Amino acid sequence: MRAAAAGRGLLWGLAVAVPLAFLGVFFAWPVVIMVARGFVVDGALDLSGFADVFSRPRTWRIVGLTLAQAGTATLVSVVLGVPGAYVLHRRTFPGRAAVRALVTVPFVLPTVVVGVAFRSLLVDGGPLGFLRLDGTFTAIVAALVFFNYAVVVRSVGGLWERLDPRAEQAARALGATPWRAFRTVTLPALTPAIASAASLVFLFSATAFGTVLVLGGLRFGTVETEIWVQTTQFLDLRAAAVLSVVQLVVVAAALLVAGRTRSRRERALTLSEPVATVRPLALRRPHGTPPGDGHALALGAAALTAGVVVLLALPLVNLVARSLRTPDGWGLDHYAALAAPADTLGVTPLEAAVTSVRVAVDATLIALVVGGLVALVVSRRPRRAVGRRAVAGLDALFMLPLGVSAVTVGFGFLLSLHQPFGLDVDLRTSPVLVPVAQAVVAVPLVVRTVLPVLRAVDPRLREAAATLGAAPGRVLATVDLPLAVRSLGLAVGFAFAASLGEFGATSFLVRPDRPTLPVVVFRLIGRPGEASYGTALAASVLLAVLTAGIVAACERLRAGSPGGDW
């Protein structure tokens, strides 16, 4: 009996130690080194950098722009996303699955591709070039809403379709109008999901890098892009360190709000009973139903959602169309250039695509192992309060890479992995560095996808298997794994997509002779000439197709699964 208990303790100890060691070496240590470079002068702690950096008008302008862009994008995403959640999760109509997939595509696209898609739409000669929005605040906010709309739709819709309709029906029976019943009954019930989605949208918008860099350049930067500018162009590590700390505080606050609201939503789901609440969406009021039955509200929400779907599709359609436009008319010249012999880029875009896929596969495997172990540990509910607090802390700890500047992580790798911990090795030249950095970004996605499924497993199943003599490993293999296999497949898709499109950390770490496709796209955009721009558009389409294809294939695994937060 003691040997069995010791074995279980050893297994759970390894399940905790391996992810913590990974996070400590490849996230905490590089970030600490990066920040310390800004605050340690001649071996002594020097915090005067805060006063220096915050005395600069540029810093306040960047912080203000970050809050304004993220706040506006969050507000617009929620206003547009809540009606979309209702139409796509509480109503049925032909093609609903296709529309759901379409609104999800922008979220899985690499940020560089989103920036290129919007820029091709707004530049002179583009379909919306007459609006003169290229390089403006409005263009950046529109791109952030384009990217985050699916977060609100999926987060709010997932709860809305499970809400018990009887409370709303009781309000209607007492004489409340449809709008008043929604405002006083349904909306309060949805508030935790809306707040959780809003905090995530704010987090993603405040840390956006590729999209803001492509659309705003240095004029409309965020804290994230400013860290990159201060590090690579001004070599001002102190300013970069101060801004990294500021961003860390903002990220921690946003994650705290998201965590609290998510736990409230989970409790609400536990109390609700699964009932059939989805009804068909009809253009005409069903015969025999009286006016004021909410039909007009449903049609209004459907019209708004249809308009948003058209706006979401416009940049994607235009991106493909512009990639097929050549000086001589329509053709595949830009796609042929993807395999053209290397010039100053060092490699062809096609070779860069192969590198991206190979690196993403390695990063996905690492993220799956680390994230799977974290989800397994965090899914347990210890009986002691100390244990529950430790589990909650571990959950929050592994969410930090989701929002901490990827630029900080990438540059921290360069500073810290030269003879790390006194070892006589230089990991900066190792080919595993890029996939490890991408895995750091992908681990939170794996955790958030797999964790809800593992938490939904009835603990009595595990107890029954253990009572019958199954060892801990056999319990995992026969109880947890079969139930979580679909979410694991979905996690593979999200981790692969995130790794394929990762740009912030990769731009620091990638070797000049082996760039990834997002890096090549960014380099092509910065080069003069229509040919380079056309090749960048074709490469963006290739990257978008690769990413969306993988996610669409894995998304099919969601059917019949409780799914995750993404």
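This is a predicted model: local features need pLDDT of at least 70, side-chain atom pairs count only at pLDDT 80 or more; totals for chains, interfaces and linings use all residues.

Colleague: OK, so is R132 buried or exposed?

Modeller: R132 is exposed, because its relative accessible area is 60%.

Colleague: And where is R132 found?

Modeller: In the loop between α5 and α6, where α6 covers 137-160. R132 also has a positive phi of about 55°, although it is not a glycine.

Colleague: Let's stay with α5. At what angle do the axes of α5 and α12 cross?

Modeller: Roughly 80°, and the axes come within 8 Å. That makes α5 roughly perpendicular to α12. For orientation, α5 is residues 111-122 and α12 is residues 295-323.

Colleague: Which residues meet there?

Modeller: From α5 you have V113, V116, A117, F118, S120 and L121. They meet L314, P315, N318, L319 and R322 in α12. By class, this contact has eight nonpolar, two polar and one charged residues.

Colleague: Switching topic: what does the domain assignment give for the chain?

Modeller: Domain 1 is 1-43 + 340-560, and domain 2 is 46-267 + 296-321. Their C-alpha centres lie 23 Å apart.

Colleague: How many residues are in contact between domain 1 and domain 2?

Modeller: On the domain 1 side 40 residues, in contact with 41 residues of domain 2.

Colleague: And what area is buried between the two domains?

Modeller: About 3,400 Å², with carbon and sulfur atoms giving 76% of that.

Key:
Residues are numbered from 1 along each chain as its sequence is written. Side-chain values use heavy atoms; hydrogens and water are left out. Axes are lines fitted to C-alpha atoms, for helices over the stretch in contact, and angles run from 0 to 180 degrees between N-to-C directions. Helices (H or I, at least four residues) and strands (E, at least two) are DSSP runs, numbered from the N terminus. Angles under 35 degrees count as roughly parallel, over 145 as roughly antiparallel, 65 to 115 as roughly perpendicular and the rest as oblique. Contact means heavy atoms within 4.5 Å. Ala, Val, Leu, Ile, Met, Phe, Trp, Tyr, Cys and Pro count as nonpolar, Asp, Glu, Lys and Arg as charged, and the others, Gly among them, as polar. Buried means under 20% relative accessible area, exposed over 50%, partly exposed in between (1.4 Å probe, protein chains only). Domain bounds come from an automatic or database domain assignment. Buried area is the accessible area (1.4 Å probe) that two parts lose on being put together, summed over both.
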